[in-house]
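Let us walk through this structure step by step. Keep the sequence and the 3D view side by side.

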Amino acid sequence: MSFGQNIQFLRKMRNKMTQEELAEKLGVSRQTVSKWELDVMYPEMDKVIEICKLFSCSMDELIRNDMNVSDEAYSDIRMEYVEPFRYIRYAVVSTEPEDDALDHVKKWAKMLKIQNPEIIGWDFPVLSQEQINVFNMHGYVAALILPDNVTETADFMDIVNQDKQKYIVITIKDPMIAPFRLIPNAYKVLMTHMHINRIPHKEDKKIISCFEKEYFVNGTSYMDVYIAVDEIES
């Protein structure tokens, strides 16, 4: 845990703000900011308050917590518009639902004769406290993206349509090396970036609020993590 590392992390998460830019906003020299980040010296209380206000964080978070949740496995954060698409989904609630849900939609892809299926997934939040706390269960939804040439599905497959939507995205390299650390932290990195830059999260029943998509490039596994964001009015 380092106060200086927290300032450096917050600065970089704020659209890669430079030391000079932060110094100008706080009315100090670049050398002063550099000394803060090296833990050589610490700012006066009024500057601490200004830093917290600038980065929308609490004093406790800035001084006591380790805010740096980034990792070499992560790409730079970016914004993407996801074009409209259709999908069919399957939800599983169990102690390990991910594989079951994914295997199910892969079978659907074979049934529909879809080659190289595009599959996404997300946590299924509608669980009781008993399921979570007593039985250690959680839910997962896997969805098969339907290509344009697939016009008919089985009666039990409900087709869902999603309109064009803006997402904030980060890519994880080799996510399954440490999935229980890398994937949750990827969401944390995105949400921290959104909080610092005041980017609102969009929650709407008509769109997928957040999801993951795993794929391979030259034999290497990657996963894109998406969180829906609202357009900010100028």
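Start with two side chains: Glu37 and Arg11 meet in a salt bridge, 2.7 Å from N to O. A salt bridge here is a side-chain nitrogen of Lys or Arg within 4 Å of a carboxyl oxygen of Asp or Glu. This pair links distant parts of the chain, 26 residues apart. Glu37 sits in helix α3 (residues 30-37), and Arg11 sits in helix α1 (residues 3-13). Helices (H or I, at least four residues) and strands (E, at least two) are DSSP runs, numbered from the N terminus. The whole structure holds 8 salt bridges.

The model is predicted: local features need pLDDT of at least 70, side-chain atom pairs count only at pLDDT 80 or more, and totals for chains, interfaces and linings use all residues. Residues are numbered from 1 along each chain as its sequence is written, and side-chain values use heavy atoms, without hydrogens and water.

Now find the largest pocket. A pocket is an open set of points on a 1 Å grid over the protein atoms alone, where a 1.4 Å probe fits, with protein on both sides within 12 Å along at least five of seven lines. Lining residues have an atom within 4 Å of a point. How many residues line the largest pocket? The number is 47, and Gly121, Trp122, Asp123, Tyr140 and Glu212 lie nearest its centre. Elements that give two or more residues to this lining include β3 (119-124), β4 (138-146) and β7 (210-217). Helix α8 gives the most, with 7 residues. Domain 2 (76-80 + 163-228) and domain 3 (85-162) each supply at least three residues; such bounds come from an automatic or database domain assignment.

What kinds of residues form the lining of the largest pocket? They divide into 28 nonpolar, 5 polar and 14 charged. Ala, Val, Leu, Ile, Met, Phe, Trp, Tyr, Cys and Pro count as nonpolar, Asp, Glu, Lys and Arg as charged, and the others, Gly among them, as polar.
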